[in-house]
Amino acid sequence: MKRQRWQTVMLWVFALLLINGLWVQVSGQTAPNEVNSDDQFQTYREIEVSAVFGSSSAIPATFAATFQSTSVDKANVSFTIKLDNITTVHAWSGQLGDVVPVWSGELAPGTYTVQTVVEEGVTVTQTLELQPFGAVQTVGHFGLSLMLIAFALGEKSVRGWWSRRVPAQRSDVGEKIPFKAKKFANEDEQMPWDDADSPWRDPLR
């Protein structure tokens, strides 16, 4: 019995580690959002960052940009990210051919505007990657662990209730035997054989 309880505890610990490990994989997934591309460019782009499960927590994000041209060698390039078109979140400016660093940070739910300024003949590619579930990763670990523990306690309570109920039902209902074997007489108790009962007796004269 003690070994069985130990195995049960280890099983629930394994389930707890498994479900939290899966949540780590899910919360680490990113969703790319194309801001500008070679064939689709606008100076002003609006991006809506929505709240996850109603949470106001900031969402982990990265912003990458590349500038290139096949017709000019020198050009000024720049971009700015603003919240509600007022607060500057990130800005960069430089020359064509410069390595543009990837910005990493957090964006609170709201409306963001990306303003990109380039000269004629320059194409730009910009991508914003959001990690939506990263904003609720800690809450998710706590919630999933709590749900698993509640399920374990509930399952134990149901099993205990059922084990108490089943013996009570069996005591109220007598055991029924659907088929009863027919009792055969022992050889000593068999009736004595009468030759007159034989079908092979001599015919009457």
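Of the protein's 205 residues, 23% count as buried, where buried means under 20% relative accessible area, exposed means over 50%, and partly exposed covers what lies in between (1.4 Å probe, protein chains only). This is a predicted model, in which local features need pLDDT of at least 70, side-chain atom pairs count only at pLDDT 80 or more, and totals for chains, interfaces and linings use all residues. Residues are numbered from 1 along each chain as its sequence is written, and side-chain values use heavy atoms, with hydrogens and water left out. The accessible surface comes to about 16100 Å², and carbon and sulfur atoms own 57% of that surface; such areas come from the Shrake-Rupley method with a 1.4 Å probe, and for residues only the protein chains shown count as cover.

As for the fold, the protein has two helices and eight strands. Helices (H or I, at least four residues) and strands (E, at least two) are DSSP runs numbered from the N terminus. Read from the N terminus, the order is α-β-β-β-β-β-β-β-β-α. Take the contacts (heavy atoms within 4.5 Å) with a separation of 6 or more: 79% of them come from residues 24 or more positions apart.

Next comes the inside. A nonpolar core is a set of buried Ala, Val, Leu, Ile, Met, Phe, Trp, Tyr and Cys residues joined through side-chain atoms within 4.5 Å. The largest one here has 24 residues, and F63, F67, F79, L107, L128 and L130 have the most contacts inside it. At least two residues of this core come from each of strand 2 (44-49), strand 3 (59-68), strand 4 (76-83), strand 6 (103-107), strand 7 (110-118) and strand 8 (123-130). Strand 3 gives the most, with five residues. Leaving aside neighbours within four places in sequence, F67 is in contact with V77, S78, F79, W92, L96, V100, T116, V118, V122, T123 and V124.

A search of the whole structure turns up one cavity of 30 Å³ or more, and the largest cavity has a volume of about 40 Å³. A cavity here is a set of points, on a 1 Å grid over the protein atoms alone, where a 1.4 Å probe fits but cannot get out, and lining residues have an atom within 4 Å of a point. Grid points are joined across faces, edges and corners, and the volume is the space filled by probe spheres set on the points. I47, F63, I81, L107, Y112, V114 and L128 make up the lining. By class, that gives seven nonpolar, no polar and no charged residues.

T80 sits in strand 4 and counts as buried because its relative accessible area is 18%. Beyond four places in sequence, T80 is in contact with T88, H90, A91, T113, V114 and Q115. H90 belongs to strand 5 (residues 87-95) and is buried too, at 17% relative accessibility. Not counting residues up to four places away, H90 touches F79, T80, I81 and W103.

The loop between strand 4 and strand 5 holds D84 and also N85. Most residues other than glycine have a negative phi. D84, though not a glycine, has a positive phi of about 55°, and N85, again not a glycine, has one of about 60°. N85 counts as partly exposed because its relative accessibility is 49%.

Key. On a 1 Å grid over the protein atoms alone, a cavity is a set of points where a 1.4 Å probe fits but cannot get out, and a pocket is an open set with protein on both sides within 12 Å along at least five of seven lines; lining residues have an atom within 4 Å of a point. Ala, Val, Leu, Ile, Met, Phe, Trp, Tyr, Cys and Pro count as nonpolar, Asp, Glu, Lys and Arg as charged, and the others, Gly among them, as polar.
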